[in-house]
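Hi everyone, thanks for making time this morning. I'd like to walk you through one model, so let's get it up on the screen.

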Amino acid sequence: MDMHSTDTGISSPQPREEEETPWLSAKEQQFWRAHLEVARLLDYQLGRELQPHNLASNDYEILVVLSESPERRMRMTDLATATLQSKSRLSHQITRMENAGLVLRQDCPGDRRGLYAHLTELGWETMQKVAPDHVRSVRHHFIDRLTPEQIDAMYAALAPIADHLRALRGRA
């Protein structure tokens with residue numbers, strides 16, 4: 001495949017005549033990479049700050065989703081969708097959380113194959129204990145780094161992207 005150099009100095013595949021690739025400009029690439037780096041670093045830092053509570057980021061996300069669900073429970077398939085996890089990965093994670101006493105699997109009435117993940121009392125107490133620390137971390141590492149105007153602008157920019165991506169997944 002022919003390669004050509006972009007204005008960023010990175011070699012990229014030579015586009016075919018019938019297919020023009022809209023390569024990122026230097027500014028767009030800088031923005032994209034900054035977004036990726038912030039997302040990774042923020043996830044890493046927030047995950048580190050959950051470790052003293054013996055939780056991973058995915059555990060905390062499941063606790064949040066279940067705590068906000070009616071009766072603090074959700075069908076496993078819906079929970080997998082809500083947390084962007086495969087059913088298999090979620091099942092392994094729920095097993096670990098079940099062993100820690102945070103959640104409990106329950107049969108779905110009327111659906112022999114369906115299961116609920118239900119937040120236990122210990123899970124709810126854990127959520128109540130951890131949430132204030134997590135919110136302080138989110139505020140310290142993200143929210144407080146922005147002005148109210150920047151928050152408004154970022155939300156205005158990100159909301160349509162989230163809407164687009166949810167629609168692609170069938171969750172609009």
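Arg72 is partly exposed, at a relative accessible area of 28%; here buried means under 20% relative accessible area, exposed over 50%, and partly exposed in between, with a 1.4 Å probe and protein chains only. You'll find Arg72 in the loop between helix 2 and strand 3, which is 73–75. Helices (H or I, at least four residues) and strands (E, at least two) are DSSP runs, numbered from the N terminus. Although Arg72 is not a glycine, its phi is positive, about 55 degrees. As a reminder, most residues other than glycine have a negative phi.

Before going on, a word on what we are looking at. This is a predicted model, in which local features need pLDDT of at least 70 and side-chain atom pairs count only at pLDDT 80 or more, while totals for chains, interfaces and linings use all residues. Residues are numbered from 1 along each chain as its sequence is written, and side-chain values use heavy atoms, leaving out hydrogens and water.

Asn54 also has a positive phi without being a glycine, with a value near 60 degrees. Asn54 sits in the loop between helix 1 (26–50) and helix 2. Is Asn54 buried or exposed? Asn54 counts as exposed, at 69% relative accessibility.

Now the overall picture. The protein has six helices and five strands, and from the N terminus on the order is β-β-α-α-β-α-α-β-β-α-α. Of the 172 residues in the protein, 26% are buried. The accessible surface comes to about 12,300 Å², and carbon and sulfur atoms account for 54% of it; that area is from the Shrake-Rupley method with a 1.4 Å probe, and for residues only the protein chains shown count as cover. Taking contacts between residues at least 6 apart in sequence, 41% join residues at least 24 apart, where contact means heavy atoms within 4.5 Å.

Let's turn to helix 2, residues 57–67. How many of its eleven residues are buried? Eight of them are, and helix 2 is mostly covered. Those buried residues are Asp59, Tyr60, Ile62, Leu63, Val64, Val65, Leu66 and Ser67.

Helix 2 packs on helix 4, residues 87–99, at an angle of about 85 degrees, with the axes 11 Å apart. The axes are lines fitted to C-alpha atoms, for helices over the stretch in contact, and angles run from 0 to 180 degrees between N-to-C directions. Helix 2 and helix 4 are therefore roughly perpendicular to each other, a label for angles of 65 to 115 degrees, with under 35 counting as roughly parallel, over 145 as roughly antiparallel and the rest as oblique. From helix 2, Asn58, Asp59, Ile62 and Leu63 meet Arg89, Leu90, Gln93, Ile94 and Met97 of helix 4. By class, that contact has five nonpolar, two polar and two charged residues. For the classes, Ala, Val, Leu, Ile, Met, Phe, Trp, Tyr, Cys and Pro count as nonpolar, Asp, Glu, Lys and Arg as charged, and the others, Gly among them, as polar.

Ser86 lies in the loop between helix 3 (76–82) and helix 4, and is partly exposed at 41% relative accessible area. A polar atom of the Ser86 side chain lies 3.0 Å from the backbone nitrogen of Arg89. That is a polar contact: a pair of N or O atoms within 3.5 Å, where, within protein, one must be able to donate a hydrogen and the other to accept it, and residues adjacent in sequence count only if both atoms are side-chain atoms.

Thr83 is in the loop between helix 3 and helix 4 too, but Thr83 is buried, with a relative accessible area of 5%. Which residues does Thr83 touch, not counting those up to four places away in sequence? They are Glu61, Ile62, Val65 and Leu90. Thr83 and Glu61 are 22 residues apart in sequence, with their C-alpha atoms 7.2 Å apart. The side chain of Thr83 also has a polar atom 2.8 Å from the backbone oxygen of Leu79.

One last stop: His134, in helix 5, residues 121–141. His134 is buried, at 16% relative accessible area. Leaving out residues up to four places away in sequence, His134 touches Leu46, Leu50 and Tyr60. Its C-alpha is 9.5 Å from that of Gly47, 87 residues away along the chain.
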